Amino acid sequence: MKNLGNMLKQAQQMQSKMQEMQAKLEAATMEGQAGAGMVKVTLSGKGDLKGLAIDPSLMVAEEREVLEDLIIAAHADAKQKVEAMMAEEMSKATSGLNIPGMGGGLGGFKLPF
């Protein structure tokens, strides 16, 4: 019974930490760049597009394909930064929790956001 009480306490701690992490992610933003900063994409901590900045010199018809590629690259850069931040926050949220089957954390568990 003591073990079950411990598990419930840890689950409550984890739920609280996860709520804190969710709030941090919603408030955070990450910027990705491409083309030496000529294209910048800003994503929320949840991966929502919040901003796009394009150097005016790229706004010519002949540069359309280059611009499209730079937007994709800047988005990928920002997304990688968001994922790294999420992993770090998840690590913080689960540190010290010893939940059976999760190897002291969430192991390979991936959240749906």
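Modeller: Glu 68 and Arg 64 are both located in helix H2, 4 residues apart, which is about one turn of the helix. Helices (H or I, at least four residues) and strands (E, at least two) are taken here as DSSP runs, numbered from the N terminus. The two side chains form a salt bridge, with 3.0 Å between the closest N and O atoms. The term denotes a side-chain nitrogen of Lys or Arg within 4 Å of a carboxyl oxygen of Asp or Glu. Glu 68 is partly exposed, at a relative accessible area of 36%, whereas Arg 64 is exposed, at 52% relative accessibility. In these terms, buried means under 20% relative accessible area, exposed means over 50%, and partly exposed lies in between, with a 1.4 Å probe and protein chains only.

The model is a predicted one, in which local features need pLDDT of at least 70 and side-chain atom pairs count only at pLDDT 80 or more, while totals for chains, interfaces and linings use all residues. Residues are numbered from 1 along each chain as its sequence is written, and side-chain values use heavy atoms, with hydrogens and water left out.

Helix H2 also holds Lys 81 and Asp 77, which are 4 residues apart and thus separated by about one helical turn. Their side chains meet in a salt bridge at 3.5 Å, N to O. Lys 81 is partly exposed, with a relative accessible area of 30%, and Asp 77 is likewise partly exposed, at 24% relative accessibility.

A further salt bridge joins the side chains of Glu 89 and Lys 24, at 3.5 Å from N to O. This pair links distant parts of the chain, for Glu 89 belongs to helix H2 (residues 64-94) and Lys 24 to helix H1 (residues 2-27), 65 residues apart. Glu 89 is buried, with a relative accessible area of 12%, while Lys 24 counts as partly exposed, at 47% relative accessibility. Under the rule stated above, the count comes to 4 salt bridges, among them the pairs Glu 68 and Arg 64, Lys 81 and Asp 77, and Glu 89 and Lys 24.

Ser 44 is found in strand E2 (residues 39-44) and is buried, with a relative accessible area of 4%. Leaving aside residues up to four places away in sequence, Ser 44 touches Leu 25, Ala 28, Thr 29, Lys 50 and Val 82, where contact means heavy atoms within 4.5 Å.
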